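I opened this structure to look up a few places in it. My notes follow in the order I took them.

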Amino acid sequence: GLRIIDVGGTPIIWENNLSWLKEVSLLKNIEVTVANIKEYKSNNKIINCAIADATNMQQFQDKQFDIVFSNSVIEHVGDYKAQQSMANEILRIGKRYFVQTPNYYFPVEPHFLFPFFQFLPLQIKVWLITHFDLGWRKKTSNRETAIMLVDSVKLLTKKQLMALFPGANVFEEKVFGLTKSFIMYGESL
């Protein structure tokens, strides 16, 4: 069998792709656990939903999963210390991992869809969020909410990711020759 955990994901992705996964896999016994801080449910019998904090997944055993998958989550767990905790948990609970995250240096910040947003001072970011709809977010007149939105994203550099996942292979997703995001993958030691 194959045990997969999706850290920070939702069941809908797996519900929509399980038949394809079974077609391309020689394994027919696939079990998927979706671990998220929000509660989700799935009617699919091979998808288990668990409430879990990506920075502390003590409810899971060491190397319990064959594959740990996480797509655009690590930049949302908090500061670099929290990101380190998430990386440590991924390496602890899985035998192999695939972690995708946007590139800090890509010219368009992917959450706010604004050029060079990640490089702007906090006050300018807050002003932009309180005056314009940015990305998928509607503008807010509340300054504290704007600060919270800005603080909810901590993009990582390739060097930081290499420190979080020592020995990882790195796949660089490119757009017009520029690295849009990284996929860190490898075997946990």
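I count two residues as in contact when heavy atoms lie within 4.5 Å. The model is a predicted one.

Entry one, on a loop. I looked up Ile37 and found it in the loop between β2 (30-36) and β3 (47-51). Is Ile37 buried or exposed? Ile37 counts as exposed because its relative accessibility is 66%, and the cut-off for exposed is over 50%. I then listed its contacts, leaving aside neighbours within four places in sequence: Ile37 touches Ile51, Ala52 and Asp53. I also checked Gly8, which is 29 residues from Ile37 in sequence, while their C-alpha atoms are 7.3 Å apart in space.

Entry two, on the surface. I looked for a nonpolar patch and noted one made of Phe98, Phe171 and Tyr185. Together these residues have about 280 Å² of accessible area. I placed Phe98 in strand β5, which covers residues 94-102. Phe98 has 35% relative accessibility, so I put it down as partly exposed.

Which residues of α3 (residues 122-131) are buried? I found Lys125, Val126, Leu128 and Ile129 to be buried. Looking down the axis of α3, I saw that these buried residues fall within an arc of 160°, so they line one face of the helix. I then asked what covers the buried residues of α3. The cover includes β7 (114-115) and α4 (143-151).

Key. Residues numbered from 1 in each chain as written. Predicted model: local features only at pLDDT ≥ 70, side-chain atom pairs only at ≥ 80, totals over all residues. Heavy atoms only, no water. Patch = residues over 30% accessible without salt bridge, like charges linked within 9 Å, V, L, I, M, F, W, Y side chains within 5 Å. Areas by Shrake-Rupley, 256 points an atom, 1.4 Å probe, with all protein chains shown as cover. Salt bridge = Lys/Arg side-chain N within 4 Å of Asp/Glu carboxyl O. Helix = DSSP H or I, 4+ residues; strand = E, 2+ residues; numbered from the N terminus. Buried < 20%, exposed > 50% of the residue type's maximum accessible area, 1.4 Å probe, protein only. Arc of directions from axis to C-beta.
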